[in-house]
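Student: I would like to learn how to read a model like this one. Please take me through it feature by feature.

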Amino acid sequence: TARQNRNANDSDSLKQVKHVIAVASAKGGVGKSTVAATLASEFASRGFKVGLLDTDLFGPSLPTLFNIHESQIMQRNNMLIPMDYKGMKFMSFGFLLGDSPAIMRGPMVSGYIQQLLTTVEWGELDYLFIDMPPGTGDIQLTISQTIKLDGAVMVTTRSSLSLVDVARGILMFEKVQIPILGVVENMAYFVCDNCDKEHYIFGEKRSDLSERFGVETIAHIPIDSGRAKPFDNYETNDINKGLGDSLIRQVGKMSSS
Ligand code: ADP
């Protein structure tokens, strides 16, 4: 169960972290990092102690999402001290890398990821969100095998290609016994200025993922230019509240099962 899993995160890095939640996608560009930043901001705005770990070595996005251009990561007793940002704690490979591209081979990548997962001094947190790199390969497996996750939130868009990919992602998490807390359908519809109608441009709401895999879609997020803006002045709204409520409910279900 999730509770047993939690007890296994007894490294100095994670032992005071109550819930570790991965935000994953099978494909890039579907809004995974945006959803991770939304969740972190939403939970922090509710008074939870929140951390956000960006594990995308090749395209770290946390610095851009929160408009952080200068960050000095300190080290203490061989532990990395996360950045304190408006009551949240952030760590990103981007902070260590600056603007230079990561050029690494597989084994190095695994090593860096493991370091990020086990040597960051998070301290006491209610929720640590892990922004996973897109895909279902080695890095994702390293993450799911190095630490115990409460579960994963899968982000997808409506297009069928992306849904096929998300099915693959769900199967990967099943294989490593990580529960899917829910699917977030991003860019599901748009609302035009004049009519307030929700236009489902990629097709109406569907339930095939829940039918096929028993996973719940916990939010439909519209395409909205406001969502492409940095998160440094986060304000909640009904959709983000709904997303936050659903995730808390799902985590509760997992802990009690
Ligand atoms: P991923 O992490 O899956 O690669 P990102 O979160 O970086 O995707 O999002 C890809 C791009 O789409 C970014 O420019 C982001 O600002 C934009 N974006 C994400 N979600 C939305 C949305 N709901 N409405 C408008 N733009 C969005």
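Student: What should I know about the model and its numbering?

Tutor: This is a predicted model: local features need pLDDT of at least 70, side-chain atom pairs count only at pLDDT 80 or more, and totals for chains, interfaces and linings use all residues. Residues are numbered from 1 along each chain as its sequence is written.

Student: Which residues touch the most other members of the largest nonpolar core?

Tutor: In soluble globular proteins, nonpolar side chains tend to be buried together. A residue is buried if 20 or more other C-beta atoms, placed from the backbone, lie within 10 Å of its own, exposed if 12 or fewer, and partly exposed in between. A nonpolar core is a set of buried Ala, Val, Leu, Ile, Met, Phe, Trp, Tyr and Cys residues joined through C-beta atoms within 7 Å. The largest one in this model has 69 residues, of which Ile21, Val23, Ala40, Phe129, Ile130 and Ala152 touch the most other members. Helix H2 (residues 32-45) gives the most to this core, with seven residues. Helices (H or I, at least four residues) and strands (E, at least two) are DSSP runs, numbered from the N terminus.

Student: What is isoleucine 21 in contact with?

Tutor: Two residues are in contact if their C-beta atoms, placed from the backbone, lie within 7 Å. Beyond four places in sequence, the partners of isoleucine 21 include Tyr127, Phe129, Ile130 and Leu181.

Student: Is histidine 19 buried or exposed?

Tutor: Histidine 19, in strand E1, counts as buried because 22 C-beta neighbours lie inside 10 Å. Leaving aside neighbours within four places in sequence, histidine 19 is in contact with Asp126, Tyr127, Asp150 and Val251.

Student: Where do the buried residues of H9 fall, seen down its axis?

Tutor: An α-helix has 3.6 residues a turn, so residues three or four places apart point the same way. In H9 (residues 238-256), Asn240, Leu243, Gly244, Leu247, Gln250 and Val251 are buried. Seen down the axis, they fall within an arc of 130 degrees, so they line one face of the helix. The arc is that of the directions from the helix axis to the C-beta atoms. On the other side of H9, Asp238, Gly252 and Ser256 are exposed. The buried residues pack against E1 (17-24), H2, E8 (151-156), E9 (180-185) and E12 (217-220).

Student: Which residues are buried in helix H6?

Tutor: In H6 (residues 138-146) they are Ile139, Gln140, Ile143 and Ser144. These too line one face, since they fall within an arc of 130 degrees seen down the axis of H6.

Student: Where is asparagine 78, and what is its phi?

Tutor: Asparagine 78 is in the loop between strands E3 (74-76) and E4 (79-81). Its phi is near 65 degrees, a positive value in a residue other than glycine. Asparagine 78 is exposed, with 8 other C-beta atoms within 10 Å.

Notes: The expected span of a helix is 1.5 Å times one less than its number of residues.
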